[in-house]
Amino acid sequence: MKTPRSPEPQSDDQDGAFVPTPAASHRFPRLAVAVAALALALTACGGTATPSGSSAPAAAPDRVEPLAATPQPALPVTVASADGTRVTVASADRVIPLTGSLNEIVHTLGLGEQVVARDITATFEQAAALPVVTRGHDVSAESVLSLRPTLVLAETTTGPAEAVQQIRDAGIPVLVVAPAKGLDDVPKRIDTVAAALGVKDAGTQLNQRTADRIAAARRNVPAATAEQPRVAFLYLRGTASVYLLGGSDSGAASLLEAAGAVDTGKESGLGKDFTPITSEALAAAAPDAILVMSKGLESVGGIDGLVKIPGVAQTPAGMDRRVVTVDDGVLLNYGPRTDQVLSSLITQLYGKS
């Protein structure tokens, strides 16, 4: 079963909560941190850690952080596209990234002023006022062409294929970028986008900044012990009755492992991206915590609704109501804000700030 091409936020207001219980302190000592520490606001990812029944603190603004200096594109350039073609880019004056992750990279490289549109998953503040050129997750070729782009950035999962071809047939350069599945993909994607925009040096700078921040986040992971938290990633859209358990290809495994956790879907041998949730699969996974996107949790009615999904209440995570949330628009982006995702996961799992 294929997951949506990218997580579709249901609104721009994203938040979530990790709820510890007294039982958690006995079963999983590393998670038994002081209530005061758990009440801290987290990063711009929007995750929060609060005791049950309390009010979550306001999340930090959902913004990207551009490089200090605005780079000057050195064009034209010819670059390899992930679909096997070669694309010549003569101008970066009007750029349309067709995923939120690619839009985030362009803005963070310092070229946000040249971005003239967004898709529905680009929810960060600097992109929020841009016109949307997708219907659901499908590209509207007419909407794209009406904005006279000089470069369109897409992923191999962008579709429908007919729309992408229509844009190319109109003479617009379309660079296709391979989707990200893990931390190793972060520098590759930044390099690819920076090269297409003619700002390779900015790409190198952003890669170094991103690597340094990811390394700093990982230093907050406690030393490995036999009590590594076991985490199941669930993709939820209650309004559409979509309840999926992430497997080895969901994209979450690399993040969870970097946070010192075990991805139970991967460990259970689920060798694809997502599979429908069953009581048997959850029982086999036996997660200590459940990772969900914040709007996914909201769509099922919060933690009270989550534990009503068959099988969830019978897991250690369900019994302890231990839920970790990260904003839909950033969790699986694998880009310049991945360090914030890691910091949020680590804080919620271990109480580290």
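Trainee: How many salt bridges does a search of the whole structure find?

Mentor: Side chains of opposite charge can pair when their charged atoms come close. In this structure the search finds 14 salt bridges, a salt bridge being a side-chain nitrogen of Lys or Arg within 4 Å of a carboxyl oxygen of Asp or Glu. The model is predicted, with local features needing pLDDT of at least 70 and side-chain atom pairs counting only at pLDDT 80 or more, while totals for chains, interfaces and linings use all residues. Residues are numbered from 1 along each chain as its sequence is written, and side-chain values use heavy atoms, with hydrogens and water left out.

Trainee: Which residue meets Asp 62 in a salt bridge, and where do the two lie?

Mentor: The partner of Asp 62 is Arg 337, at 2.6 Å from N to O. Arg 337 is in the loop between strand 13 (323-326) and helix 14 (338-350), and Asp 62 is in the loop between helix 2 (35-38) and strand 1 (77-80), 275 residues apart. Helices (H or I, at least four residues) and strands (E, at least two) are DSSP runs, numbered from the N terminus.

Trainee: Are Glu 104 and Arg 337 buried or exposed?

Mentor: Buried means under 20% relative accessible area, exposed over 50%, and partly exposed in between, with a 1.4 Å probe and protein chains only. Glu 104 counts as buried because its relative accessibility is 1%, and Arg 337 is buried at 5%. Another salt bridge, Arg 209 to Glu 65 at 3.8 Å from N to O, links helix 7 to the loop between helix 2 and strand 1, 144 residues apart. Arg 209 counts as buried at 16%, whereas Glu 65 counts as partly exposed at 41%.

Trainee: How many residues of helix 3 are buried, and what covers them?

Mentor: In helix 3 (residues 100-111), 12 of its 12 residues are buried. Their cover includes strand 3 (95-97), strand 6 (151-155), strand 7 (174-177), helix 6 (185-196) and helix 7 (200-218), judged by contact (heavy atoms within 4.5 Å). Across the protein, 57% of the 353 residues count as buried.

Trainee: How many residues does the largest nonpolar core have?

Mentor: In soluble globular proteins, nonpolar side chains tend to be buried together. A nonpolar core is a set of buried Ala, Val, Leu, Ile, Met, Phe, Trp, Tyr and Cys residues joined through side-chain atoms within 4.5 Å. The largest here has 63 residues, and those with the most contacts inside it are Leu 109, Leu 197, Leu 255, Leu 291 and Leu 331. Leaving aside neighbours within four places in sequence, Leu 255 is in contact with residues including Leu 183, Leu 331, Tyr 334 and Leu 345. Apart from that core lies another, of 18 residues, among them Ala 281, Leu 297, Val 300 and Ala 317.

Trainee: How many helices and strands are there in the protein?

Mentor: The protein has 14 helices and 13 strands. Of its contacts with a separation of 6 or more, 69% come from residues 24 or more positions apart.
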